[in-house]
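Welcome, and thanks for taking a look at this one. Please keep the structure open beside you while you read the briefing.

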Amino acid sequence: MDWKSIPQEYLVTNVKLCLGGKLSAKTGYLHVKDGKVKAIGDGELSVENVPTFDGNGAVLSPGFIDVHVHFREPGREEKESIHTGSRAAAAGGFTSVVTMPNTLPPVDSAPMITYQFDRARESGLCRVFPTGAISKNQDGESLTEFGDMVAAGAVGFTDDGTPVMNGSLMKYALQYSKMLGIPVTCHAEDTSLAGSGVMHAGSWSAKLGLPGIPRVAEDSMIYRDCELARATGGHLHVAHISTKGAVDTVRRAKADGINVTAEATPHHFTLNHSHCQTFSPMFKMNPPLREEPDVEAVIAGLCDGTIDCIATDHAPHTVMEKELMFDQAPFGIIGLETALAVGITSLVKAGKLDLGKLVYLMTEAAAKIYNLPGGKLEEGTDADFVLFDPEQQWTVLVDEVQSRSRNSPWLGEKLTGRVKATFMGGRNTWLDKDFS
Ligand SMILES: [Zn+2]
């Protein structure tokens, strides 16, 4: 059976279902009709006159959801367009993404939200949910029209890429978002403390002679924003949490009943500041790679529910930009195509998290942050799903990268866990080269 010419109704058999945070020990099936799930379960299902696809023993889970990506359209399509970003998402097993608004110009009005939806629909490879900027032109001065943007489909508000230094503006943003029932996402970085830092401020920045970004630049802003969420009752979502102090603050805030959620990136639960000794800009990101106790705190936060979900902060930059000297190169790395494998390699294989929980953090838990559809497979839901082999080892090859950019610290690395096929609304959006 040819996966590419997929019919309106079909059955996928010989798969291990991974649903609701649990990987089934048995073999199961998925029955799709008209883009929706008709039936799903363990065991066998025989339906007459319906084409059957053999899943070859792969794990079948809901399509992954990434709540933090930078698709650079409009304005910076040489790094990534909505189409190439969607292609990278599909290759990574993602069926939904939440885009950050720091494009050129920033997404700070309803027509800009509509424009991004239109471009995503034309591409048709991934569901794209835009966020709107908190401040006009992301300059931190005055609030955007939240109501208009929500009416156009914005799922949240953030000035990500830059912090909201003005506490009063952040307070108003949380107040409005409470009325509208959507989150405000903080990129927590006190710029007066971060200064001109290019990596984590610690023993390695001292050795390498590079200016550092101290933990307190992040910790103090997350503390402020948690207190603003307490004062307003708004939903604060903490992007790319990276320090032990920040994880502790979020844990305490949750215990206090503050409406706060948080995400962590694969690079922050895997790599630390010592990687910067290579002077490779592939290890330059914001927030920066921290120290081992921070990495351990992020993993502990993922395990105990302090950190709600995994998000990649997929941040494409051109080869030319990332070939600059460490201190000159832009912050950020791509992450959509390696997220599952990095999670399996560094968390599941290392015995820190089981596969069911990892998948949960990349699906159902992620959907909850921005009230997105998806993340679950049940009778009647959209047939957004992924097939992957959790045991397959593969090497990240530059020629196989589907993003328009190549800035990944995992290029040339061997990882475990390979996406075999991705489906959005029952339609195939990605097929691995050796999967048939
Ligand atoms: Zn950010």
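Predicted model: local features only at pLDDT ≥ 70, side-chain atom pairs only at ≥ 80, totals over all residues.

Residues are numbered from 1 along each chain as its sequence is written, and side-chain values use heavy atoms, with hydrogens and water left out.

**Zinc site**
- The zinc ion has three kinds of protein contact to look at: Asp160 (OD), His187 (ND1) and His240 (NE2) are its protein donors, at 2.0 to 2.2 Å.
- Donors here are N, O and S atoms within 2.8 Å of the metal (3.2 Å for Na, K and Ca), and sites may look incomplete because water is not among the atoms.
- Along the sequence, the donor residues follow the spacing D-x26-H-x52-H.
- Asp160 sits in the loop between β10 (157-158) and α4 (167-180), while His187 sits in the loop between β11 (184-186) and α5 (191-194), so this pair, 27 residues apart, links distant parts of the chain (helices, H or I with at least four residues, and strands, E with at least two, are DSSP runs numbered from the N terminus).
- Asp160 is buried at 2% relative accessible area, and His187 is buried too, at 7% (buried means under 20%, exposed over 50%, partly exposed in between, using a 1.4 Å probe and protein chains only).

**Sheet**
- Five strands form an open sheet in the order β10-β11-β14-β15-β16, with parallel pairing (two strands pair if DSSP finds at least two bridges between them).
- β10 and β16 (309-310) are the edge strands, each with a single partner, so one side of each has no neighbour in the sheet.
- Three parallel bridges join β11 to β14 (residues 236-238), and Val184 has Leu236 as its bridge partner in β14.
- Thr158, in strand β10, is buried with a relative accessible area of 0%.
- Beyond residues up to four places away in sequence, Thr158 touches Met100, Pro101, Thr131, Gly132, Ala133, Ile134 and Thr185 (contact means heavy atoms within 4.5 Å).

**Helix α4**
- Met179 belongs to helix α4 and is exposed, with a relative accessible area of 64%.

**A loop residue**
- Ala58 lies in the loop between β5 (52-54) and β6 (59-62) and is buried at 6% relative accessibility.
- Leaving aside neighbours within four places in sequence, Ala58 contacts Asn14, Val15, Lys16, Leu387 and Phe388.
- Ala58 and Phe129 are 71 residues apart in sequence and 28 Å apart in space, C-alpha to C-alpha.
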